[in-house]
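This briefing takes up model confidence, then the packing of nonpolar residues and the aromatic pairs.

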Amino acid sequence: MYVNPRYPMDEESLDRLVADAKRGNTEAFGRIFDEYAGPIYRFIASRVSRPSDAEDLTQLVFVKALEALPRYEARGVPFGGWLFRLARNAIIDQIRTRREHLSLVVATTRESEEASPEAMASLRDDLDRVATALAELTDDQREVIELRFFAGLSVAEAAEAMGRQEGTIRGLQFRAIGALRRSLGIESSAVTHAPARVAAQAATVEVCW
Amino acid sequence: MSAFEGTNPVALDRLEDVLDAYREARLAPPGAVLARIRANVLAQAAAASATIAAANRLRLVEPRSTRVRGWLPPRFARAAFGLSFAAALTLGTSAAVLAAPPGSTFYNARVLIESALLPTELDARLVGHEDLLAERLNEAATAAANGDTAALAAALAAYQAEVNDATADVGDDPDRLAHLEDVLAKHSAVLAALASTLPQESSIEHAIEASSKAITKLQQKSAPVHPTRPPQGGGTGGGNGGDGGQGGN
């Protein structure tokens, strides 16, 4: 049985929860929320510029899911993909309404007790480099990275969310990875490089929007 | 397993680390934000659920057939009526439900919603159970003070149901078991005091009995890991023979 590495819940348990939620079981819907709220928020946050928008849209997605759940049919449609399609549509609607560009978040970082100002500045630079590399991808490539990596969807779920074939998703992902590696200078033989600091330093700082 | 298959694994690991750090640093939701969204979404879910339940109850009392078929409104008119009725129910019902006192029509729905809104994380859930138990107890005391036997019975029935839920959720952790046991023991004392002020109230006796049973169950659960907490009603032979001197009365 396939178990998504980002979601500990297996498909059977999820199907049962969805069936219970469709019958009006609020607790079951609460558990679905707990399972998907983080990934949905991260996906939305990667596509809107303000944290308040990410919060509002995340709430909107789950309210829409609540309304649309009675019409959801599990046959062949991964629930995660269905939910992320709702999220994607909500983002598109918001962008249309506000004429907002798909800008990646420019975060402010808050120093922790351990991090020096120099380390914080360096980390901020590195994170900005990642943001720039992501911004240089095509819209489709970036969306695949957001869905697959930031939200943790499977290829099938990402395909459902984007309304594409799984093979297309794999191709977009392959090209996105190549482009990111080139932009960030990540090669197989490289050992010390700025992006590596991102991973190491991010563990020592508390970061907010 | 990497989310990215089919390329150089070392470079992919590096890229994953970098994206992972970026995700955690810039995209991770603050806990308070998720809690706020959860509360709002589940309140809507509970209101929708109450509406469905109310609609089902209405369907049950609706006459199954009518002789004057010609008087039936057209299908679209019935659908429109249904939709507006559901919308009115959603707004009206949710407000009425959330303020329903014990003994009122929506009290059971309110109790159901409050239970459904409890968090899933165990410690927070147990705190929620404790709050609800205290609330049910207060409602019972208020009803008793007002001489409202119907409200008293409703509050005590909800209290018993909450005792059962809390006992089912508490798990096997000895500290949690001991804490819940203490809470229920205090509540039993309150209920006993309440019972003594009333002429004869069997629903209080039932609630006290439910509390006592729950306490016994908790003691039995914690017994294997708490040898210093012997089960009530005597020993099983063997063991701490030195304590036997207490039974001298």
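In this predicted model, helix H6 (residues 149–169) of chain B has the highest mean pLDDT among the elements of that chain, at 84, whereas helix H3 (residues 75–98) of chain B has the lowest, at 62. The model as a whole scores ipTM 0.74 and pTM 0.50.

**Confidence in chain B**
- The mean pLDDT of chain B is 72, with 65% of its residues reaching 70 or more.
- Residues 65–72 of chain B have pLDDT below 50, and beyond near neighbours in sequence this stretch makes 1 contact in the model.
- Residues 226–249 of chain B likewise have pLDDT below 50, with 5 contacts in the model beyond near neighbours in sequence.
- Where pLDDT is low, the predicted coordinates should not be read in detail.

**Nonpolar cores**
- The largest nonpolar core holds 75 residues, of which Phe79(A) and Leu83(A) touch the most other members, and its largest share, 11 residues, comes from helix H2 (residues 26–45) of chain A.
- A second, separate core has 31 residues, including Tyr107(B), Ala151(B), Ile204(B) and Ile208(B).
- Leaving aside neighbours within four places in sequence, Phe79(A) is in contact with Leu14(A), Val18(A), Ile32(A), Tyr36(A), Leu69(A) and Tyr72(A).

**Aromatic pairs**
- Over all chains, the whole structure contains 8 aromatic pairs; in one of them, the ring centres of Phe79(A) and Trp82(A) lie 5.5 Å apart with their planes at 35°, so the pair is tilted.
- Phe79(A) and Trp82(A) are both buried, and because they are 3 residues apart in helix H4 (residues 79–98) of chain A, about one helical turn separates them.
- Ring pairs join Phe79(A) and Trp82(A) with Tyr36(A) and Tyr72(A) in a cluster.

Methods:
Residues numbered from 1 in each chain as written. Chains lettered and ligands numbered in written order. Predicted model: local features only at pLDDT ≥ 70, side-chain atom pairs only at ≥ 80, totals over all residues. Heavy atoms only, no water. Core = buried A, V, L, I, M, F, W, Y, C linked by side-chain atoms within 4.5 Å. Buried < 20%, exposed > 50% of the residue type's maximum accessible area, 1.4 Å probe, protein only. Helix = DSSP H or I, 4+ residues; strand = E, 2+ residues; numbered from the N terminus. Contact = heavy atoms within 4.5 Å. Phe/Tyr/Trp six-rings, centres within 6.5 Å; stacked < 30°, edge-to-face > 60°. pLDDT = per-residue confidence, 0-100.
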